[in-house]
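Trainee: I would like to learn how to read the features of a structure like this one. Could we go through them step by step?

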Amino acid sequence: MKFSLTRRTVLRGLACGVPAAVALPMLDVMLNGNGTAFADGTALPVRLGIWYWGSGVHRNRFFPAQLGADWELTPELAPLAGVRDHINILSGYDIKSDGIVHHVGTAVMKTGQNYIHLGGGTFDTDVAAPSFDVSVAESIGASSPFQRLDLGVFSDGNFKGEGLNTRALSHEGTNRPNYAETNPTAVFERLFAEQSVGIHQLGRRSVLDAVAGDAESLMPRLGASDKARLEQHLEAIRAIELRLDASAGACEAPMHPGVGAPDLARPDMVLNNALMVELLGIALACDLTRVFTFRHHGWTDDPVFWHLGGASDTHHNLTHNEPGDQPTVRGINEFTMGELAKLLERLAATPEGDGTILDNCAMMAYSEVSEGRDHGRENIPIILAGRAGGALRTGLHHRGNRESATKVHLTLVRALGLDWASFGRDENQVDSTISEIEA
Amino acid sequence: MDANSKRILCNQSFARRRFVPADRRGHRHRHSPVPLAIVAAALLVSGCYGGVTSGPGADDLPIMETGEELEGSEGAGEGGISGGPSDDGAMDDGAMDDGAMDDGATDGDPMDDAFAPPPPALRRLTVAEYRNSVRDLLGVEPPAESDLPPDDSVGGFTSIAARRLAMSPAAIEGFEELSFEIAETVFADPARREGLLGCEPAQADDACVTGFLTTFARRFYRRVASADELMRLTTVVENVAAASDIWTGLSYGVAALLQSPSFLYRVELGEPEGDRSWRRYTGFELASRLSFLLTGSTPDDALLDAAEAGVLDTPEGLRAHIDRLMASPRVQDAVIGFFSEQLRLDSVAKANKDPELFAEFGPELADAMRGELERLVLDWVWTQRRPVSELLVSPKTYVNDTLAEFYGIPASGEEGYVEWYRDEADPRIGLLGAAGLLAGNSAYAETSPTRRGRYVVEQLLCAVIPEPPPGTETNLPEVPAGTVLTMRERVELHMEDPTCRTCHVAMDPVGLPLEHFDAIGRYRETDHGLEIDASGTISGVPFEALRGLASTLADDPRVDACMVRRFYEFALGHSSGRGDRQAIAELEVVYRAAEGDFTELLRELLEHDAFIYAAEVNP
């Protein structure tokens, strides 16, 4: 779809006082008279978003007491007040598998099944299957310039003997992690790379042809796992080729975010989140991608929340070591929900058709344990956001009957219009959806 | 954003950094004004809770030796590994071929231990291998480490990850972009490009260009290129030259070489040999295997010539080239590369400490600690040719003035490091006495007996921390408000929780004896003003403090056995299983007979079937 953009919104700079102008497209110019579909009749996009944070919540300060539409904001949900009507709070959904704490929740919430062991150590776990977002992207992301995006705010870069399962939020399958990019500059450069022209465009295409030829000629000699790896390589080559051919007109590039790589020792999580929110907002508005994962911080990344007073140890350690009511952990939990709110507010403020981008999203935010202190696998904190283009209701607190959390995944995927019979395996397998939140 | 963090951000280079902290990264830039990269791991991120436990009966529990990979135990869903993408790799590399966790006591059929070489696999060039190859092949300074798609780690080693993991789309995009930058650098300089070609190119199919492509394809692919491959390269040159000029065309030809899967992956698949069920690596593949392991780079022309002439197919020919390569000064980098990963020498460089408690801990001190570790290990295993077990009780170390001040010993006044011998009164000794390991295996604000214990158990003994029993949620007692406790008391508070105890009993009694060293490895008499009880046990053997732990470990045959096994895994990029046991046992015999001379171990491995043969390809 080609269109020209006539208006732009300029945002004040976020970093170092340098104004960063960001061009926002006005999708109206692309739409039909009613604003309900693209001018050429194709439906507005619906997107899937996964937003994750590590080490859980304080259950008694997170879940509302009231069910239905009249739920009241709790201390840990209070930061989401501005988007209260755009979200659902889900309680009563569990991780049904047993296994190493933290590891089991991360695996089941991603893939609907437990982890496997990959390398030599007890904690070197990996996923057994592609993650939910990857499977969904094969259907709804296939025609996007970027089939999926994986963004993050904090990751510490240490391996620590903890497996791929704990370090990535998205996986193509076993041995195939999709790590979150935590550098806004890298995201910017990937999404808004200058279009190649002239000789360079010809040269790149020519080289990609040769590389694809080399890869294809290697393929017959390989075993199954190497084939899968090289196939992924080839897909990446083809994606580059597709973007080479794509019209440059889809979206005007915003200005450079103007920051270097995050300081891994003391990342400015607030700034990093703000930039990622902006970049993701633009990417969605420009329809550069329809599936994203957003890994705010993992439990094993050991983030220290420097900017919150008193946070003198890593989040994970504090959940176990801070005595009493854990005021520091409370602060981290509230802060994290506030960071989620920023993304939701951004998407809710971007008009699209007769609604907003958020209306056309199906988003799930969750953690891998219910409460870090005791590693609970019951009552996983789950927040849904967006109406999936009208397929979902919002503004509700719904309590499941101690069912598998994978029911949420199936509900989302059906809301996205995909005809999956079931999701998950073994004790995590579900074949029905949460009808209470379906429109 | 406070003023300080603002300054840090704005001081950072605005230069693009393509490859970034996706998950790992975190190289330290020596002169960076930015504090050390990377937040340290704090308490042990085990499955159990981070603090942890010990208690009555603790010492009775044996540490299990690893025979092989752990299979997914309860709840890990064996069903998950059949069908679909889950079959990839995890099955192919023999990681899942045993049904149960091996405790070393259940061996029935001796045939289970029959030697089977690791299966073949594509092996992605690591960051270091890519950089060295570019430098050696094109004579240009390679891109900065931070501009390259980062290495990953599986089973403790980059090399295992390189043979197992798929490259992400972002990584492949990165290699694409880099290839043009490198090629442009090479061809922008008329003297360099003419030197590279050695002839005057006129058009894509002339003898000069064809000769260049043939020679360089052999170097880049580390084998003779096929006619189809040369045709594809020629087409690139031709297409681009038609729209511009021949030099530009050649530049894109070199970019194609740099992007080819035959360059980015080491394609070592072997070929059938007679009616044997194994595949023998071809001469060219062996040339790559030798060269990358010993020199960290692509094979030179002499090695490729030997491969092409069939010289590497004979034991004598192979040995001659092993001898030649073993003399390369780069071999020492390979050795330190192994120990750096196995002993996690970098952990201190990635450590992050509470600046209010540890004002002196910054990049300079962390660097000094890292430097001590590297010199200590290299001197012992490479120069002295002594076994790692003895390194644990070696009084010899290396300090610079920064570190001397930290240790409270006289400064030499010289630039760089000087030897230092610890006397009997020094509470420190050997590898574990180096502050870098003590700090690197501590938390942000305090020590972590669990993490220190886990380090010893996993990295020095190759033992397995048992997995916690499934199902039980931990419910930990709280520290009474206002009570001051030692780390030991806090750790033991939780001993009653059986879930936690399962794992932590194997770690905490090993780490608690190091409590005289705080979170940055500084000696302390007391913990929160309270007396320190530095007693501990390992595998049921009681000991006292760091020196006791060190001498107990020095007598433990598992230490050197662990190094042999892990070196085998590192060199082959393969997590060992039952089929590797026999080979590892043979190597261990050689290593012990050579009294811990690491070069003998290396040499033995290079001529071992495990290095020369591959298992059949899994279809």
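**Aromatic rings, sheet and disulfides**

Mentor: Start with one residue: Trp51(A) is buried, with 0% relative accessible area. Keep in mind that this is a predicted model.

Trainee: How is a pair of aromatic rings described?

Mentor: A ring pair is described by the distance of the centres and the angle of the planes. Over all chains, the structure holds 29 aromatic pairs. Take Trp51(A) and Trp53(A): the ring centres are 6.3 Å apart and the planes meet at 50°, so this pair is tilted.

Trainee: Is Trp53(A) buried or exposed?

Mentor: Trp53(A) counts as buried, at 1% relative accessibility. The cut-off for buried is under 20%.

Trainee: Which pair does Trp51(A) form with Phe294(A), stacked or edge-to-face?

Mentor: Stacked. The centres of Trp51(A) and Phe294(A) lie 5.7 Å apart, with 10° between the planes. Planes under 30 degrees apart count as stacked. This pair links distant parts of the chain. Trp51(A) is in strand β1 of chain A and Phe294(A) in strand β8 of chain A, 243 residues apart. Phe294(A) is buried too, with a relative accessibility of 0%.

Trainee: How many residues of strand β8 of chain A are buried?

Mentor: Seven of the seven, residues 291-297, so the strand is largely enclosed by the rest of the structure.

Trainee: Which sense of pairing, parallel or antiparallel, joins β1 of chain A to β8(A)?

Mentor: Parallel. Strand β1 (residues 47-53) of chain A pairs with β8(A) over six bridges. Trp53(A) has His297(A) as its bridge partner in β8(A). Strand β5 (residues 149-154) of chain A also runs parallel to β8(A), joined by five bridges. There, Leu151(A) stands opposite Phe294(A).

Trainee: What is the strand order of the open sheet in chain A?

Mentor: Read it across: β5-β8-β1-β11-β12-β2-β13. That is seven strands of chain A, with mixed pairing. The edge strands are β5 and β13 (397-404) of chain A, each of which pairs on one side only. From one strand to the next, the twist averages 20°.

Trainee: Where does the antiparallel sense come in?

Mentor: One case is the pairing of strand β11 (residues 361-366) with strand β12 (residues 382-385), both of chain A, over four bridges. Within it, Ala365(A) has Ile383(A) as its bridge partner in β12(A).

Trainee: Which helix of chain A packs on the sheet, touching β1, β5 and β8?

Mentor: Helix α3 (residues 132-140) of chain A. The direction of α3 makes about 165° with that of β1(A).

Trainee: On to cysteines. What is a disulfide?

Mentor: A covalent bond between the sulfur atoms of two cysteines. A search of the whole structure finds two over all chains. In one, Cys199(B) and Cys208(B) have their sulfur atoms 1.9 Å apart. The angle about the S-S bond is 80°, and the link of Cys199(B) and Cys208(B) is right-handed.

Trainee: How accessible are Cys199(B) and Cys208(B)?

Mentor: Cys199(B) is partly exposed, with a relative accessible area of 28%. Cys208(B) counts as buried, at 9%.

Trainee: Which cysteine does the other disulfide join to Cys462(B)?

Mentor: Cys562(B), with 2.1 Å from S to S. The torsion about the S-S bond of Cys462(B) and Cys562(B) is about 75°, so this disulfide is right-handed. The pair links distant parts of the chain, 100 residues apart. Cys462(B) is in the loop between α19 (449-460) and β8 (463-464) of chain B, and Cys562(B) is in helix α24 (residues 558-572) of chain B. Both Cys462(B) and Cys562(B) are buried.

Trainee: Which charged end sits over the ring of Trp382(B)?

Mentor: That of Arg385(B), 5.7 Å from the ring centre. Elsewhere in chain B, Arg276(B) lies over the face of Tyr613(B), at 4.5 Å from the ring centre.

Terms used: Residues are numbered from 1 along each chain as its sequence is written. Chains are lettered from A and ligands numbered from 1 in the order in which they are written. This is a predicted model: local features need pLDDT of at least 70, side-chain atom pairs count only at pLDDT 80 or more; totals for chains, interfaces and linings use all residues. Side-chain values use heavy atoms; hydrogens and water are left out. A disulfide is a pair of cysteine sulfur atoms within 2.5 Å. Buried means under 20% relative accessible area, exposed over 50%, partly exposed in between (1.4 Å probe, protein chains only). Helices (H or I, at least four residues) and strands (E, at least two) are DSSP runs, numbered from the N terminus. Two strands pair if DSSP finds at least two bridges between them. Rings of Phe, Tyr and Trp (its six-membered ring) pair if their centres lie within 6.5 Å; planes under 30 degrees apart count as stacked, over 60 as edge-to-face and the rest as tilted. A charge sits over a ring if NZ of Lys or CZ of Arg is within 6 Å of the ring centre and within 35 degrees of the ring normal. Axes are lines fitted to C-alpha atoms, for helices over the stretch in contact, and angles run from 0 to 180 degrees between N-to-C directions. Contact means heavy atoms within 4.5 Å.
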